Amino acid sequence: MQFIISSINGEPVKVSSTEFSINIYMKTLIIVQLLFVVAMAALLLLISILVTVLPFTIAFHIPVTHSVHKMSTKLQATKSSDTINTEQLLSTLIHAATHGAHTISTLADTARSGNIQFKEENDARSALTIADTSAQRVIVSSIQGAYPNLHIVGEEDESVQVDTDYQYTLKNDLLVNYEWITRSDGKADEPPPEELDINLLTVFVDPLDGTREFVEGRLPNVQSLIGVTYKGTPLMGAVGLPFPTTNDNNSTEVLFGLVGKGIGKVCTKKNEGSTLSEVNDIINYVVPKMGQYQTGDGISVSSGDSASVRSAVDLADKIFGGITRQGFGATGNKLLKIAEGTTTLSLLHTKTSLWDTAAPTAILNALGGKVTDYFGEPLIYNAKELGNKMGVVASGPGSNHLHDDLVKNMRGNKEVLSILNGLDVESYSGSQCVDITRDLDGYLLTPDYFQQAMGSSIEGAINSIYCPEDTAVRGLMSNACRVHLKPSGDTVFYKRIVFEHLDHARAKMKSAPHKLVRDVNSYKMEVSVEGIQSFKLKACAVYISHIYHVLSRLLSLPPKLANK
């Protein structure tokens with residue numbers, strides 16, 4: 001839900017689901033609206049019996065001193081009942097990553113000495129070889145052979161065509177009775193669902209992560225990445241290692257993870273002279289307990305050599321009083337160094353893509369780590385935009401508090417904030433709560449958004465915005481802040497509720513789900529007053545002149561709540 005309100009006195013508005021009294025001339029309108037809400041509640045009850053529903057996503061905005069409004073409400077239901085067994089899917093991805101890794105190792109000499117193309121002129125990171133394209137054909141063709149309707153996004157070919165000449169039969173039983181390596185912090189995540197709705201899955205494939213390193217001969221940095229998101233969140237990943245440092249040159253490894261289960265590793269070895277299709281049976285490989293950061297340990301930060309990440313690394317050095325700087329190649333490799341315990345934090349530039357981060361993020365999350373953008377919000381996996389344009393910060397179990405300290409300071413660093421278009425960092429130099437001023441998908445709110453939401457009620461164009469940290473409210477069940485519009489000087493109070501991102505809401509889903517349903521209904525009632533020109537909130541004695549814009553979206557809830 002997104003909510004914009006005007007207050008008469010222009011002071012910060014504190015909104016809650018409290019009792020309110022309405023001006024006398026509005027009472028008739030309110031009665032009609034309440035009857036409408038009751039009717040809609042009955043309709044939603046009927047719908048909820050027929051469809052499954054997920055954690056409710058809400059966000060409210062509330063500006064100041066004007067008088068136009070619009071509203072949008074969306075119910076997104078499951079497209080069909082097609083399901084896939086979770087561990088069988090991961091098993092096939094592990095096997096596909098094995099084939100991808102073998103393809104790369106087999107073609108290494110030919111690819112590195114052959115024709116090398118560059119997607120972007122003079123950018124070594126955009127190198128493309130026959131190993132990239134061949135590995136993608138093998139991975140995508142084999143996965144689609146097992147799951148023809150699975151949505152796949154591949155780096156090297158947006159159309160992701162199937163080539164039967166590169167298609168192999170994949171095993172779906174590699175994880176039967178598998179002994180997972182679980183979180184080292186002793187905490188337990190919610191177990192993953194046994195079955196997954198195929199319509200809510202996206203597979204992101206980077207067949208050869210680290211092509212620059214591959215061409216330059218830094219082969220241990222090279223990986224083959226297959227990551228899966230479910231309902232927009234990384235759930236599982238398989239990372240093929242064509243040139244592992246732990247075994248001989250005639251073998252490959254795959255490190256994999258499943259959130260709620262843990263991680264594991266398998267390895268394969270080819271007989272001398274064997275072809276790719278004759279790879280021996282995959283065998284389990286012992287994974288040591290991953291190291292965990294302990295208070296007092298030295299802090300190491302891995303990054304690349306891009307100019308766009310240097311200010312972030314310099315800031316980390318300043319915050320933590322000296323760090324060990326580590327330079328590793330390839331996005332997946334940098335993130336997996338955290339899983340290995342080799343590094344404490346990893347900072348990635350603003351040009352990585354979803355296929356770079358999906359698989360290693362799932363592995364880190366399975367260990368209790370964390371991956372966000374520079375400002376503390378989860379990366380956005382809806383495939384509308386494939387780039388991680390707000391950078392990437394990653395941490396492992398035990399160092400998440402360092403992660404939180406770093407992103408908090410990034411929200412107050414002018415150089416880091418300057419990557420955000422439309423944000424005023426010149427006239428306002430303080431910390432900004434850009435982790436709150438997001439839409440329901442997680443994208444930063446723009447001046448254009450506020451221009452459209454407020455319409456003709458504001459004079460002139462909105463060229464930029466800023467959102468002071470000292471106006472932010474981070475509550476158990478909602479977040480809010482005040483947004484300043486430039487150059488008019490008007491301010492907007494913005495309230496955002498995304499239950500799946502709130503620790504308290506997630507805990508309530510486990511312990512008292514009926515109360516979460518009650519909260520959702522309370523928020524529905526709260527936003528039903530949109531369009532009312534004047535009312536008073538008794539609890540805080542604030543007069544509201546207008547609610548401008550409300551956006552609410554009901555995603556799917558667990559089946560046990562579908563009939564609530």
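Analyst: Happy to; what follows starts at a helix pair and then moves to the residues around it.

A word on the ground rules: this is a predicted model, in which local features need pLDDT of at least 70, side-chain atom pairs count only at pLDDT 80 or more, and totals for chains, interfaces and linings use all residues. Residues are numbered from 1 along each chain as its sequence is written, and side-chain values use heavy atoms, with hydrogens and water left out.

For orientation, the chain holds 12 helices and 26 strands (DSSP runs numbered from the N terminus, with H or I of at least four residues for helices and E of at least two for strands). Of its 564 residues, 54% count as buried; buried means under 20% relative accessible area, exposed over 50%, and partly exposed in between, with a 1.4 Å probe and protein chains only. Among contacts with a separation of 6 or more, 71% join residues 24 or more positions apart, a contact being heavy atoms within 4.5 Å.

Now to the helices. Two packed helices are described by the angle between their axes and the distance between the axes. Helix H6 (residues 331-339) and H7 have axes that come within 9 Å and cross at roughly 5°; the axes are lines fitted to C-alpha atoms, for helices over the stretch in contact, and angles run from 0 to 180 degrees between N-to-C directions. H6 and H7 are therefore roughly parallel to each other (angles under 35 degrees count as roughly parallel, over 145 as roughly antiparallel, 65 to 115 as roughly perpendicular and the rest as oblique). On the H6 side the contact is made by Thr331, Gly332, Leu335, Leu336, Ile338 and Ala339, and on the H7 side by Asp356, Thr357, Pro360, Ile363 and Leu364. These residues divide into 7 nonpolar, 3 polar and 1 charged, where Ala, Val, Leu, Ile, Met, Phe, Trp, Tyr, Cys and Pro count as nonpolar, Asp, Glu, Lys and Arg as charged, and the others, Gly among them, as polar.

Threonine 352 is buried, with a relative accessible area of 2%. Leaving aside neighbours within four places in sequence, threonine 352 touches Thr331, Thr357, Leu386, Gly387, Asn388 and Val392. Thr331 and Thr357 also belong to the contact of H6 with H7.

Within H7 itself sits asparagine 365. Beyond its neighbours within four places in sequence, asparagine 365 is in contact with Asp189, Val259, Lys370 and Val371. Proline 234 lies 131 residues from asparagine 365 in sequence, yet their C-alpha atoms are 8.3 Å apart in space.

Next, the strand side. Serine 303 is in strand E16 (residues 300-303) and is buried, with a relative accessible area of 10%. Its contacts, leaving aside neighbours within four places in sequence, are Val309, Val313, Gln326, Gly327, Phe328, Lys334 and Leu347. Serine 346, 43 residues away in sequence, is 5.9 Å from serine 303, C-alpha to C-alpha. Phenylalanine 328, one of the contacts of serine 303, has lysine 337 over its face, at 5.2 Å from the ring centre; a charge sits over a ring if NZ of Lys or CZ of Arg is within 6 Å of the ring centre and within 35 degrees of the ring normal.

Finally, the aromatic rings. The structure holds 8 aromatic pairs (rings of Phe, Tyr and Trp, the last by its six-membered ring, pair if their centres lie within 6.5 Å; planes under 30 degrees apart count as stacked, over 60 as edge-to-face and the rest as tilted). Tyrosine 178 and tryptophan 180 pair edge-to-face, 5.5 Å centre to centre with 80° between the planes. Tryptophan 180 and phenylalanine 256 are also edge-to-face, at 5.7 Å and 80°. Tryptophan 180 lies in the loop between strand E8 (152-154) and strand E9 (195-197) and phenylalanine 256 in strand E13 (residues 251-258), so this pair ties together parts that are 76 residues apart in sequence. Tryptophan 180 counts as buried at 15% relative accessibility, and phenylalanine 256 is buried at 0%.
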